[in-house]
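Thanks for coming. I'll take one chain today and go through it piece by piece. Please have the structure open while I talk.

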Amino acid sequence: MARKHSDSSDDEKRRYRRYERRSEHRRSDNNDKDDDRIGDDESRDHEEKRGREVRERKASRESSDEEGELVETEKGERDRERNGELKDRFTGYNRSSDEDDDRRRRRDRREREKTRRHENGHRRREVEDRNRDQHRKSERERDRIDDERHRRHRNRDDDGENGRRSEKNEERGDGDRRKVVEDSKPGKTTTEEGKMDNEPGNLGRSGGVYIPPFKLARMMKEVQDKSSVEYQRLTWDALRKSINGLVNKVNATNIKNIIPELFAENLIRGRGLFCRSCMKSQMASPGFTDVFAALVAVVNTKFPEVGDLLLRRIVLQLKRAYKRNDKPQLLAAVKFIAHLVNQQVAHEIVALELLAVLLENPTDDSVEVAVGFVTECGSILQDVSPKGLDGAFERFRGILHEGEIDKRVQFLIEGLFAIRKAKFQGYPAVRPELDLVEQEDQLTHEISLQEDIEPEITLDIFKPDPNFLENEKRYEELKKSILGDESEDEEGSDAVSGDEDEDDDDDESEEDEQQMQIKDETETNLVNLRRTIYLTIMSSVDFEEAGHKLLKIKLEPGQEMELCIMLLECCSQERTYLRYYGLLGQRFCMINKVHQENFEKCFVQQYSMIHRLETNKLRNVAKFFAHLLGTDALPWHVLAYIRLTEEDTTSSSRIFIKILFQELSEHLGIRTLNERLTDPAMHDSFESIFPRDNPKNTRFAINFFTSIGLGGITENLREYLKNMPRLIMQQQKPISESESNGESGSSGSSDSESESESESDSSSSSEDERHKKRSRSDRDDTSRKRSKSDGDERSRKHSRRD
């Protein structure tokens with residue numbers, strides 16, 4: 001029995017160790033499981049272990065009681081003592097192992113909680129990132145769906161489909177969009193867009209496939225029905241391209257040529273395209289804002305709705321840029337409005353209201369924009385609304401005194417005050433070359449920044465017009481009334497040429513073909529010749545090379561004059577006179593007498609139009625002809641055309657003569673020049689320069705040459721002026737002798753008459769002397785009376801003072 005009891009205790013120990021190993025192994029395996037489940041399993045295992053131990057103790061106690069009666073009492077007592085010791089040791093061991101297990105369990109639980117918190121935070125961040133990405137994707141999908149809807153709506157408008165088909169397409173598009181959102185497959189929409197862009201019906205829409213101009217013209221000719229949607233779309237594309245091209249190439253020099261071409265296009269149909277093109281071009285190049293404003297001002301005189309639409313769109317663009325803090329776009333819009341105010345397309349109230357908005361809550365950017373705005377349109381505001389401009393400058397002064405803005409902006413305000421003090425010199429309202437509209441013809445629009453503005457974006461999109469042909473005919477009539485006789489002449493010439501073609505087709509006789517002569521009124525060949533001469537002159541290194549190249553040009557009879565005119569024109573266009581042109585003209589005069597005669601004609605023509613030339617051009621022309629005269633390339637008898645009198649000269653002609661003779665004196669010397677001018681053979685040619693017909697004209701010529709430093713060439717003229725009274729007396733003596741001889745023959749017959757005349761003369765002279773004496777005595781009496789009255793007044797004053 002004792003052996004059985006010891007075996008049972010050993011089995012219990014073995015079982016317990018096995019259980020411990022199993023439990024440790026289970027704990028190591030189940031560390032990654034959920035905390036609640038692990039805790040429940042451990043509590044359940046602990047309870048099972050406790051119940052099993054209790055049952056084993058009861059069984060062992062019963063077996064020991066039954067066998068103890070059969071064993072000897074001593075051995076039983078010994079066994080009991082040993083069992084008691086083993087039980088005490090076993091219970092102590094169980095208690096220590098339970099405490100260690102509890103500690104281990106708590107430590108593992110804390111570690112698991114830490115790892116769980118870390119994992120939960122990481123999972124939460126992943127979930128948030130995933131949600132954020134999904135939200136962004138959904139927003140992109142929504143934006144793409146809106147764009148697709150807008151594009152399909154525009155395509156439906158372009159194609160002119162009926163309402164039922166458009167509703168079906170919209171439903172089908174909505175179904176496709178739902179699939180796109182559910183399946184999140186963006187590739188599907190791109191393929192659909194590619195199909196839409198490749199459809200033949202959409203090739204002509206705005207922003208579609210590029211069609212070359214020749215192909216577009218051929219397509220327009222192939223269309224038979226001029227009122228069809230396809231033809232209208234082709235004309236719309238041609239109108240859009242033409243307006244964009246004209247607006248993009250306009251500048252201050254060619255604006256007068258661009259305006260008729262622009263009116264030739266249908267601006268009523270394409271007013272939205274015109275406004276959009278102007279705004280885009282101005283945004284791309286703000287330096288040409290005044291040019292675009294001048295173009296809009298001219299169009300506004302004939303089509304006020306175009307100017308109103310453009311002003312509304314610019315104000316709307318300004319409001320959007322101000323809300324979005326988009327400074328570049330705001331600066332462009334403000335500059336455009338300023339120049340529209342300068343051209344009086346926009347009312348000055350718009351400018352004052354804009355200044356009030358910008359300076360209400362001043363910031364660095366808003367004050368900078370306001371300074372630029374006042375700089376551009378301050379000149380006209382000073383004339384139109386001086387009180388409003390004074391209020392704006394008072395606000396600028398207050399901002400400057402507050403000192404809350406940046407130093408750079410403060411310097412800008414101070415610079416603006418300096419510009420105002422100089423009365424906006426350097427910042428004119430309208431440049432002279434852009435002042436194209438009379439003030440009476442201009443129409444001014446007034447728009448408030450506070451009211452709601454409708455930009456009418458649909459005008460930029462193609463729409464079929466059921467009355468297309470009628471509207472085109474109306475605009476053709478309106479175009480004739482605007483452009484005047486030019487378009488009528490063109491149409492008349494077209495009609496005449498058409499009639500001639502019909503007559504030729506009907507007659508087709510050889511005699512008519514021989515008699516018909518074609519005359520080129522466009523002067524294309526002449527323009528090409530002038531271009532060739534100009535490029536040759538400008539591209540040559542020296543005058544010899546230029547002369548060699550110009551002589552190779554084949555000139556038709558009568559075109560030699562063009563060579564001289566272009567040479568003189570190129571010389572006048574230079575900033576300073578270049579001897580290159582004088583040497584080139586000298587070479588041509590020496591080579592051919594025809595060129596010499598042509599230069600004589602040019603001298604006469606230039607002197608007759610000298611008042612039209614600027615000072616710089618006048619100086620270059622005078623030096624050019626002085627070089628030809630000084631080198632004897634041009635005969636001196638051309639000076640006979642100049643008449644140096646006060647009545648026959650102007651300020652420009654006197655400057656021309658001054659520069660001409662000063663250059664001749666520098667080139668030849670004063671002595672040689674005087675010898676040339678006093679040559680008896682050329683006396684008749686120089687008589688108009690040194691006039692001797694009237695002393696007044698003679699004095700004028702002497703004074704003129706003396707004032708320009710060439711008094712030495714007037715010595716002969718001065719001697720003539722001194723001897724002029726003696727010459728006059730000598731001329732009068734023979735006349736008086738002839739008269740006296742004639743009178744002596746008739747003296748006898750007229751003695752009585754002479755005596756009577758002498759008596760009458762003596763009587764008349766005596767009466768004159770008496771009259772003079774009486775007048776003198778009267779004067780003396782009046783003077784005496786005045787002196788007496790003055791003495792009386794003085795005595796009265798002295799008496800009053802006393």
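Start with serine 277, which, setting aside neighbours within four places in sequence, is in contact with Ile243, Asn244 and Val247. This is a predicted model, so please hear every value as computed. Serine 277 is found in helix 9, residues 271-284. Is serine 277 buried or exposed? Its relative accessibility is 4%, and the cut-off for buried is under 20%, so serine 277 counts as buried.

Now the chain as a whole. The secondary structure comes to 32 helices and 0 strands. The protein chain has 802 residues, and buried residues make up 33% of them. If you take contacts between residues at least 6 apart in sequence, 76% of them join residues at least 24 apart.

Next, the nonpolar cores. The largest nonpolar core has 81 residues. Which of its residues touch the most other members? They are Leu267, Phe274, Leu340, Val367, Phe373 and Phe396. Take phenylalanine 373 from that list: not counting residues up to four places away in sequence, phenylalanine 373 touches Val334, Ile337, Ala338, Ala351, Leu354 and Leu355. There is also a second, separate core of 61 residues, which includes Leu529, Phe543, Cys589 and Ala622.

The crossing of the two is right-handed. On the helix 10 side the contact has Thr289, Asp290, Phe292, Ala293 and Val296, and these meet Lys335, Phe336, His339 and Leu340 in helix 12. By type, the residues of this contact are 5 nonpolar, 2 polar and 2 charged. Leu340 in helix 12 is also one of the residues I listed for the largest core.

The second pair is helix 13, residues 348-360, and helix 15, residues 386-402. Here the angle is about 10° and the axes are 11 Å apart. Why call them roughly parallel? Angles under 35 degrees count as roughly parallel, and about 10° is therefore in that class. Helix 13 contributes Leu352, Leu355, Leu359 and Glu360, while helix 15 contributes Gly388, Leu389, Ala392, Arg395, Phe396 and Ile399. That contact divides into 7 nonpolar, 1 polar and 2 charged residues. Two names come back here: Leu355 is among the residues that phenylalanine 373 touches, and Phe396 is on the list for the largest core.

Leucine 618 is buried, at a relative accessible area of 3%. What is leucine 618 in contact with, leaving aside neighbours within four places in sequence? The residues are Ile610, Leu613, Ser652, Ile655, Phe656 and Ile659. Leucine 618 and serine 653 are 35 residues apart along the chain, and their C-alpha atoms are separated by 9.1 Å.

Methods:
Residues numbered from 1 in each chain as written. Predicted model: local features only at pLDDT ≥ 70, side-chain atom pairs only at ≥ 80, totals over all residues. Heavy atoms only, no water. Core = buried A, V, L, I, M, F, W, Y, C linked by side-chain atoms within 4.5 Å. Buried < 20%, exposed > 50% of the residue type's maximum accessible area, 1.4 Å probe, protein only. Contact = heavy atoms within 4.5 Å. Helix = DSSP H or I, 4+ residues; strand = E, 2+ residues; numbered from the N terminus. Left-handed = near helix turned anticlockwise from the far one by under 90°. Nonpolar A, V, L, I, M, F, W, Y, C, P; charged D, E, K, R; others polar. Axes fitted to C-alpha atoms, helices over the stretch in contact; angles between N-to-C directions. Parallel < 35°, antiparallel > 145°, perpendicular 65-115°, else oblique.
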